[in-house]
Every structure is written in structure tokens, then in C-alpha cells.
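Please look through the sequence and the structure shown here before reading on.

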Amino acid sequence: MEKLWAGDLHGRLDAAADDFNASIRVDARMAGEDIAGSLAHSAMLAARGILSREDAAAIAEGLGGIAEDLSCGRLSIDDASEDIHTFIERELTRRIGDAGRRLHTARSRNDQVALDLRLYLRRECEALRDGIHTLIGTLCSKAEAHADTIMPGYTHLQRAQPVTFGHHLMAYAMMLLRDSARISECAARMNVSPLGCCALAGTTFDIDRELAAETLGMNGVCQNSLDGVGDRDFCLELAADLSILMMHLSRFSEEIILWCSWEFGFVSLSDAYSTGSSIMPQKKNPDIAELIRGKTGRVYGDLMGLLTTLKGLPLAYNKDLQEDKEAIFDAVDTAKACLSMMAPMVETLTVHRENMRRAAAGGFINATDCADYLAGRGMPFRSAYRIAGDLVAKCIAEGRTLETLTLSEYQAASELFGEDIFEAIRLENCVNRRRSRGGAAPERVKEQIAWVRERI
């Protein structure tokens, strides 16, 4: 099969080298974007009088037929083609003759592939945001149901202060909201057209780049033709955004894995998102959460691969850039798959309120409230902190909790303690009094839920 790039090359490319050079198995997914770009390019050429109206009409009809045939399965993509651009151009020419050969006027595969990739990733950004918003909605619903379910909050994985399960879940909702915003910003930056940059230096034809960009729903055009064909910052940015997203999913997965262990017992996963052991019949393994945690490293690898591929490339186009698609497609596919698993896994998990409450009661996580009690009565906080610490040490030594100390024991530590200390250190009150904006009080958690829902 003669190559579009044959020019003055008359020898035949080695078969293995031909296969090594091809990208059709990776870029075939951009067929729709390639057709859309060609339609916009053809219409622009006709509007500028570079292409006849008859040829433009034939091209539009031919490309429409190819799109329909691909969609319904009447046409299959030929893996022997070098890339998706070659396949569609050859199929178009086969159907409509010389008009198909005129389509590539004032265009190079360099600006063509850069355009296709931007259009494809723009669409994928919307799908990613939809997946993120679905997960955020699930978190909001779960948080609403557990706005007053007390659990220990942790620092250094040590029980620290009482929070609610709803409050904990909303922390992840906030992270995901930022992920959505980052992807939206990335999509806006990538939504400029390189079409018309041609191979690297623009074209001698009197084209209208803005018209083609407008037809494709893009916000403008690349302002430098070298940059237009050599830029892959948008791939890096999206891969970086997805790495942050996956880091958030991984942190959440790690907590789910901990919570559903016997040592915590805070939640149970649905059987639909768990597996068993081939040898230990008692096991219920959080494999889906573990896979999400594991696949995070895969997306990080995609980002590092892209950075490494690009770091030494001179302007403008180099064949190395063919490696961009496999990495960014994998990152997108992986993130979408993980989002699709995380939402129903969270929605169907069972929360064990009593175990969370028991854990909260056993870790002296009301010690800060004991110190706040004294500080509220005029004692300097650092002095109050020391007294509360001494009371905790006493309880540890005697195998007791702050709730079981008597009033006389409290007053032996400070005469500022009164009968109301027991209400002050009651876990429900410890949580309910944390009414500062963004705090753990159920009313504040519900405000957070409403705030997030407004934004998705």
C-alpha cells in the first residue's frame, strides 16, 4: 500500500518497521474527531474558494457515509492502514474519487493529528467530569445519611478528635470538586485549534483558521504554527490532573480498606464489590478498592512517560509525539474505570455506626474538649492542655476513660471544673459544638453538602 508520505522515497518499508511505525491500533478511537475536523476544514476551504462547492459537497457526503458505516458496523477500520487519518482519507477517495484527494489541501497530518487529539480529549474531559460528579453526588447522599454518625477523626493514624462519618466523606467531596475544576480548566485551555498550522510553518493558501475553529466549537486558534503542531502541554496537564484525581481515589480506597478490616470494622463492602479467598473461606477482600489504589501508580507512570517523551524534543513535530496518545488514552481510560467502580462501591457499603461510636469513645478524643472547657473559664490554654494531659495519663494508668472520672477527681486537678464537665466531654456534644464554618457539627456538614451540590 502506497504511503501518503512516500514523496521521493521509492523503496519499500520493511514489514516489521511498517508495523512498528503504525499507530492505527491506538488512534482508531479518534475516527469521529478526524471526520469532524475534515468536515470543518473542507467547509472552510470551500468558503474561501480554495475548494469548489461541488467537491466540498462530495466530501461532506462521503465523510458522512463513512461515519455512519463505522457506527453501524458496515465498515471496519483496516489495521493495515498506518493511522486513522490515512484510513479515512483512502476510504473517502475510494468512494468519491479526486475530490477526496483535494481534502488535504492546506493541511498536514501534523496539524490534523494535533486537532483530533484536542477534540477527542475535550470530549473525554466531559465524560471524566460526569464521572466525578456522579461520585460527588454519591458522597453527598451518604454524608447526608450520616451527618450525625460519630466516628474518630485521625491524625498520624491515631485517634484525635470526634467527627462524623458525613464530615469525613465531605472532605473527599471537596477534593473531587477541585479535580472537576482542574479538568474544566484543562479542557478550556486545550480547546484551541491547530488546524492551519500545517506541517510547521503555516500555508500559502488564503485560509480562514478562525472559521474552522468556530465550526468545531473551539475558542480560538493556536497563535504560533510551530507551537501548534509541537505542543502537547494539554496532554501533560490532563495527565497531571488525572494523577491528582487518582491520588484522591487512592487515599479514599486506602481508608475503605482499613475501615472494612476486622481491626476497624467501620464499614462492610457489598459482595458485589468484594472477592473471597481461594484457600481461606472466612475472607472478604476489598479487591476493587485495592485495584483502584494500585491503578493510581499506572496513571502516575503515564504522566512520567509523557514528560520523559517530551523533555528533549526540538521543534516542531517529531515521530516521538506518536507516543502521546497511548499514554494519555490509558490515563483517561483508567481514571474513568476507577470512577465507575468507586461510586457504586461507596453507595452500597454498609456503615457500622456502633463500631464507629465505640472506637470514638475509646481513644480520649474528647481530651481537647476537656482542655477547651478550662480555657473557656479563663485558664491559659497551654495550662489547660497540661491538666487535660495529666488526666488522660491518669486514665491510661488506671484503665479508665475521661467519662468515668468523678467530679472530685476533676476538681483535684483544677477547681475550675464543675458538674457540666461531663456534658462538655460527651462525644455528641463535642461534635455538635464544632460549629465553625466547615466544622464537624451536623448542621455544618449539611451546609457543606448543600454548597457542593450547588456546584455540581
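## Buried and exposed residues

A residue is called buried when its relative accessible area is under 20%, exposed when that area is over 50%, and partly exposed in between. The model discussed here is a predicted one, and these words are used in this sense throughout the report.

By this definition D231 and R118 are both buried, and their side chains meet in a salt bridge, with N and O 2.7 Å apart. The pair links distant parts of the chain, since D231 lies in the loop between helix 10 (225–230) and helix 11, whereas R118 belongs to helix 7 (residues 109–145), and the two are 113 residues apart.

## Helix 11

Helix 11 covers residues 233–259, and at 1.5 Å a residue its 27 residues should span 39 Å, which agrees with the 39 Å that separates its end C-alpha atoms.

K284 counts as partly exposed, at 40% relative accessibility, while D271 counts as exposed, at 61%.

Another salt bridge is formed by R298 and D330, whose closest N and O atoms are 2.6 Å apart. This pair also links distant parts of the chain, with R298 in helix 12 and D330 in helix 13, 32 residues apart. R298 is partly exposed at 43% relative accessibility, whereas D330 is buried at 16%. Salt bridges that share partners also join E68, D69, R74, E91, R94 and R95 into one network. D55 is buried, with a relative accessible area of 16%.

## The hairpin of strands 1 and 2

Strand 1 (residues 150–155) and strand 2 (residues 158–164) run antiparallel and are joined by six bridges, and T155 stands opposite Q158 of strand 2. The hairpin has two residues between its strands, and H156 takes a positive phi near 55° there. L157, in the loop between strand 1 and strand 2, also has a positive phi, of about 60°, although it is not a glycine. L157 counts as exposed, at 54% relative accessibility.

Most residues other than glycine have a negative phi, and most peptide bonds are trans. C198 has a positive phi near 55° without being a glycine. This residue lies in the loop between helix 8 (165–190) and helix 9 (209–215), and C198 counts as buried, at 7% relative accessibility.

Which two residues does a cis peptide bond join? The bond lies between L315 and A316, and its omega is about 5°. L315 is found in the loop between helix 12 (287–310) and helix 13 (323–348), and A316 is placed in the loop between helix 12 and helix 13 as well. L315 is exposed, with a relative accessible area of 63%, and together with L200 and L226 it forms a nonpolar patch on the surface, with about 270 Å² of accessible area in total.

Conventions
Residues are numbered from 1 along each chain as its sequence is written. This is a predicted model: local features need pLDDT of at least 70, side-chain atom pairs count only at pLDDT 80 or more; totals for chains, interfaces and linings use all residues. Side-chain values use heavy atoms; hydrogens and water are left out. Helices (H or I, at least four residues) and strands (E, at least two) are DSSP runs, numbered from the N terminus. The expected span of a helix is 1.5 Å times one less than its number of residues. Patches are made of residues with over 30% relative accessible area and no salt bridge: like charges are joined within 9 Å, nonpolar side chains (Val, Leu, Ile, Met, Phe, Trp, Tyr) within 5 Å. Accessible areas come from the Shrake-Rupley method with a 1.4 Å probe; for residues, only the protein chains shown count as cover. A salt bridge is a side-chain nitrogen of Lys or Arg within 4 Å of a carboxyl oxygen of Asp or Glu. Buried means under 20% relative accessible area, exposed over 50%, partly exposed in between (1.4 Å probe, protein chains only). Two strands pair if DSSP finds at least two bridges between them.
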